Amino acid sequence: MPIRVLVVDDSGFFRRRLCEIINAAPNLEVIGTANNGQEAIEKTAELKPDVITMDYEMPVMDGITSVREITRQYGTPVLMFSSLTYEGARVTLDALEAGAIDYLPKNFDEISRNSAEIRRTLHDRIVSVSRAKARAGLVSAPVVEAPPQPRPVATPRRGQKPSVLVIGASTGGPMALQQVLVQLPANFPVPILLVQHMPATFTRAFAERLDRLCKISVSEAVDGDVLRAGHAYLAPGGMQMMIESRGQAKVKVIPGDERLHYKPSVDVTFGSAANEYGARVLGVVLTGMGSDGREGARMLKARGARIWVQDEESCVIYGMPMAVSKAGLAEEELPLERIGERLREEIPS
């Protein structure tokens, strides 16, 4: 059976073009449309779609409010459309916190051309979102109830205390990172490198959001930043983040190889950390589609570093963690709500 899609947008032109592109795919079918958030809730109850595409700025009820209600009442996965601007990034992050699974840029010029790349991207994203687990809006505070114990998937290798923490994520990652990082104390004793698959215009807004919510400091990484304990450096979108240590460990931000699919790439940052720190790295792979991070984790493991992954049950998309786990590289497989606490235990202040 095809994946059934509800298209929500107050632009008649955008609705028509999305419907044409979606219906052109044999495994996708538009079963209805809505032009505001309230109508989206009503159509969701009536039609029970598998996926909803959602605009954020609409009359009657905005997209974020609608996403929050749809996720709470029906658990239907939502793909947001947003502008590639700083304000668009802030709104998109609010939508992800409200329960949206993923997002795509809303570009009228590209959608009007109906290029093969747009068709392929939209198709792939709808399919991946349809397989995701919708969740009610995540809280921005530490979990206080006792979480379940971690499930080890490999024999732990106790070595040196980590000198750097490196975390990679993709689909579902923004809110997963938020939930982990808010649990770390301001005096967390090592620097943190964050790699989240995200456009260039989004990473600054995401870093500012994390910095506002967390006790640790968070910033978008800048070439030459000196690595400091208790500070998280978010890889800029469209770039690659590495480490160089000529006397003092610093962030190196470069354009990277055009042949690399992901910018930033978890593999690149993990590999750089392996070269510079060897066994003194703790790598964590969170929810995400694909296998970015597996080869970097392999490099880390070869140097004696330790790798944790988020478990399947708590992942929005169990792709990246699964790739690492199936390769036999993960020392622990942890539920999301447990990772922050485990980091405090493993790297005590």
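Buried means under 20% relative accessible area, exposed means over 50%, and partly exposed is whatever falls in between (1.4 Å probe, protein chains only). This is a predicted model, where local features need pLDDT of at least 70 and side-chain atom pairs count only at pLDDT 80 or more, while totals for chains, interfaces and linings use all residues. Residues are numbered from 1 along each chain as its sequence is written, and side-chain values use heavy atoms, with hydrogens and water left out.

**View 1. Arg306 and Glu331 meet in a salt bridge.** A salt bridge here is a side-chain nitrogen of Lys or Arg within 4 Å of a carboxyl oxygen of Asp or Glu; for this pair, the N to O distance is 2.5 Å. Arg306 sits in strand β14 (residues 306–310) and Glu331 in the loop between α11 (320–326) and β15 (332–334), so the bridge ties together parts 25 residues apart in sequence. Helices (H or I, at least four residues) and strands (E, at least two) are DSSP runs, numbered from the N terminus. Glu331 is buried, at 1% relative accessible area, and Arg306 is buried too, at 5%. Salt bridges with shared partners join Arg306, Glu331, Glu332, Arg338, Glu341, Arg342, Glu345 and Glu346 into one network.

**View 2. Asp55 pairs up with Lys106.** Their side chains form a salt bridge of 3.2 Å, N to O. It links distant parts of the chain, 51 residues apart: Asp55 is in the loop between β3 (51–54) and α3 (63–73), and Lys106 in the loop between β5 (102–105) and α5 (108–113). Asp55 counts as buried at 4% relative accessibility, and Lys106 is buried at 19%.

View 3. Arg204 is partly exposed at 41%, and so is Glu208 at 33%. Over the whole structure, a search finds 19 salt bridges.

**View 4. Here is the largest nonpolar core, with 58 residues.** Such a core is a set of buried Ala, Val, Leu, Ile, Met, Phe, Trp, Tyr and Cys residues joined through side-chain atoms within 4.5 Å. Met54, Met80, Leu165, Ile167, Ile192, Leu194 and Ile216 touch the most other members. Helix α4 (residues 86–98) gives the most to this core, with six residues. A second, separate core of 29 residues includes Val251, Val253, Val266 and Ala330.
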